[in-house]
Each structure stands twice: as C-alpha cells, then as structure tokens.
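Visitor: I am new to reading protein models. Could you walk me through one, feature by feature?

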Amino acid sequence: MRTNFTDLVSCELPIQQAAFGSLSVELVAAVSAAGGLGMISAPLVSAEVLAAAFDEIRVRTDAPVGVNFVVPFFDLARDGATLEVAIERAAVVEFFYGAPDSDLVERIHRGGGLASWQVGSVADAVGAARCGCDLVVVQGHEAGGHVAGTHALLPMLCEVLDLIDVPVLAAGGITTPRALAGVLAAGAAGARIGTALVASDEADFHVDYKRAVVAASSADAVYSDVFAAFWPDAPHRVLRSAIDAVEALDAPTVGAMDLGGQRVEVPRAAGVAPVASATGRIDAMALFAGQGVGSVTAIRPARTIVRDLVAGAERRLAAATSGNRQPSTS
C-alpha cells in the first residue's frame, strides 16, 4: 500500500510505530522489518546508547527506522550529539510535545535528514509545515500515553489536511483495520500505532501490562493527570485500574525497573510504563492505553499486528470503492 508517507521514508506500509518510553529495540526492528516505520524513543539517551541501539537493530533489519525526541526532555547543549546520531542514521527525526522549532528542523535538514513533528492542534500542524517539516503527525484526544491532542482525531485531521500539503499521519485510537481505513479514506498518509503494539510479543513492557491492555474495554482508557511524577503538567490516557491501584497506595514507591541502563526505584504516580524488568506493584504503574484498547484482544507478534491492520484496511477501502459490503468485523 503506497502513500506519500511510504514514498517519503521508503517503507512499504503506511504504519508508524509510536515511540514508547523505552528503546524497545526488538519492537522497532520488527515493525520496520514488517514494512512499517519503527521508532526509537530517545529522551535522555546518550549518543553512545542510541548508536548501539541502531547497531542492534541493523543486525535484525536494514529497513528504515525513525527516532523520537520529547521536547521537555530535550536540551540541545546536552543532547546535541545524540541528535547528530539520529540525523545521521535515522530515516526520520521526530519531535513531540512542544511548539515546532524551525532551528531544529533546519538542523535536521542540514544533516540530510527528514524532520517530523507530532502535534495536538491544528495551529501546531500549520506551524510544523511552516517550519519546513517533511511530515506531520496529528494526535487526537483518543490517544494513549501522554496526550497533546485536545480534540477528537477525525475533525482535527480533516481540518489539517485542508491546510497543509506535507504528508500527515493520524494518531489516536487506531487499533483496527476499520479505523486505519477510515483515516486513510479521509486523506491521511498513514497512521501512528501505539496501544495495539503495546500488546506485541516484542514490546519491552511487563507481561502484566500487556495482559491488562488485552483485558480492557474502551471505557477503561481514561484521560488523567494522576501519573505526574517525572513529568508534571502532562495529561495522559491510562487504564482506570492503574489509577484506582495507585490512589489506594500510601507508599512513596511502587517498585523498581531498569531505565537508562540503571536499576531505579519507581516513585508513586511516576509517568513511566512498566518495562519487562519491572518488579513490585505493576498494577499501580502507568498502564498507558488509548481509546481503541477494547479492540486489542490478544498478545501477538508485531509483524502480524502491522500486516493484519494494513491488509484489513486494504480490503475495506477496496470494498468501499467497488460498493461491495464486507462482513461487520474489525
């Protein structure tokens, strides 16, 4: 399935993996090898660690890979070397949770890279295009994890598509072929997938988190500001059960996990999801999930998730074009 996104980044499928809060090298490689664009999460990552992650991914696949930086955790003076590694080795360098910055975009372009910005408003989407971004990701309010989007995805996406000419990806609540077909039919060049890939074999998340995602309904994914430790004033969408569990605790910490190569205590209400190495009260950690979580019904290989989404969307788009009805399934 070719779109202006797949042509731009030289991947096969109009799928971008959401950049999670851990390197998740296996997941990144699996998504890219399946034909999508795997994304390395690089907040507070050293240049050496990022380079090593690329080396590890390249053992698994030579397909395009992107890198994501989060603006509140990015400082050019501190992270400039990491950014240079990303520009040199990534197909796309992406920023999130901050106003588009033309100086950063120009820096990426000078190094020969493609610049992307994930935004949560029409104004920021227009700003990203004006700054010279090659790609814009529009995040709707339905998204899991940290949420910049203040409006529903589809109305915002349609408005953005009427205003800018660069490829636009849709993000937020997209977990089924039907949802993917919907945003593609609206004019998006692809979709950013997060919650569905949390429940993948390769994702570096605790199995109890994956199981909670599989068991949840769409009503269980709630917009919240509870998990504010580490990142205050950053609303997020998380499973209601995690909020109930953490609010019932009095302890200052909920467990421990490996972050950035170190074993750290996890403060109560920390805004980080439990990685595979986490121990303690997993149920009281930030179990991020978007509103499409009710359609995630099994833990599966990332390749299967990506390929099934695209194949199902293709069938639905073809049926809509031909006027044929399809069975009422996801």
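**Reading the model together**

Guide: Buried means under 20% relative accessible area, exposed over 50%, and partly exposed in between, using a 1.4 Å probe and protein chains only. This is a predicted model, where local features need pLDDT of at least 70 and side-chain atom pairs count only at pLDDT 80 or more, while totals for chains, interfaces and linings use all residues. Residues are numbered from 1 along each chain as its sequence is written, and side-chain values use heavy atoms, leaving out hydrogens and water.

Visitor: What is the phi of tyrosine 97, and where is its place?

Guide: Tyrosine 97 has a positive phi of about 65° although it is not a glycine. Its place is in the loop between strand S4 (92–96) and helix H5 (102–110). Helices (H or I, at least four residues) and strands (E, at least two) are DSSP runs, numbered from the N terminus. Phenylalanine 230 is not a glycine either, and has a positive phi of about 80°; phenylalanine 230 is found in the loop between strand S10 (221–224) and strand S11 (236–239). Phenylalanine 230 is partly exposed, with a relative accessible area of 47%.

Visitor: How do I read a helix such as H2: which of its residues are buried?

Guide: An α-helix has 3.6 residues a turn, so residues three or four places apart point the same way. In helix H2 (residues 25–34), eight of the ten residues are buried. They are Val25, Leu27, Val28, Ala29, Ala30, Val31, Ser32 and Ala34. What covers them includes strand S1 (15–17), helix H3 (47–60) and helix H12 (302–322).

Visitor: How many residues are in the largest nonpolar core?

Guide: A nonpolar core is a set of buried Ala, Val, Leu, Ile, Met, Phe, Trp, Tyr and Cys residues joined through side-chain atoms within 4.5 Å. The largest one here has 101 residues, and Val67, Phe69 and Leu180 are among those with the most contacts inside it. H2 gives the largest share of this core, seven residues. Leaving aside residues up to four places away in sequence, leucine 180 touches Ile15, Ile174, Ala191, Leu309, Val310 and Ala313 (contact means heavy atoms within 4.5 Å).

Visitor: How many salt bridges does the structure hold?

Guide: Side chains of opposite charge can pair when their charged atoms come close. A salt bridge is a side-chain nitrogen of Lys or Arg within 4 Å of a carboxyl oxygen of Asp or Glu, and the structure holds twelve. In one of them, glutamate 84 meets arginine 107 (3.1 Å, N to O). Glutamate 84 lies in helix H4 (residues 76–89) and arginine 107 in helix H5, so the pair ties together parts that are 23 residues apart in sequence.
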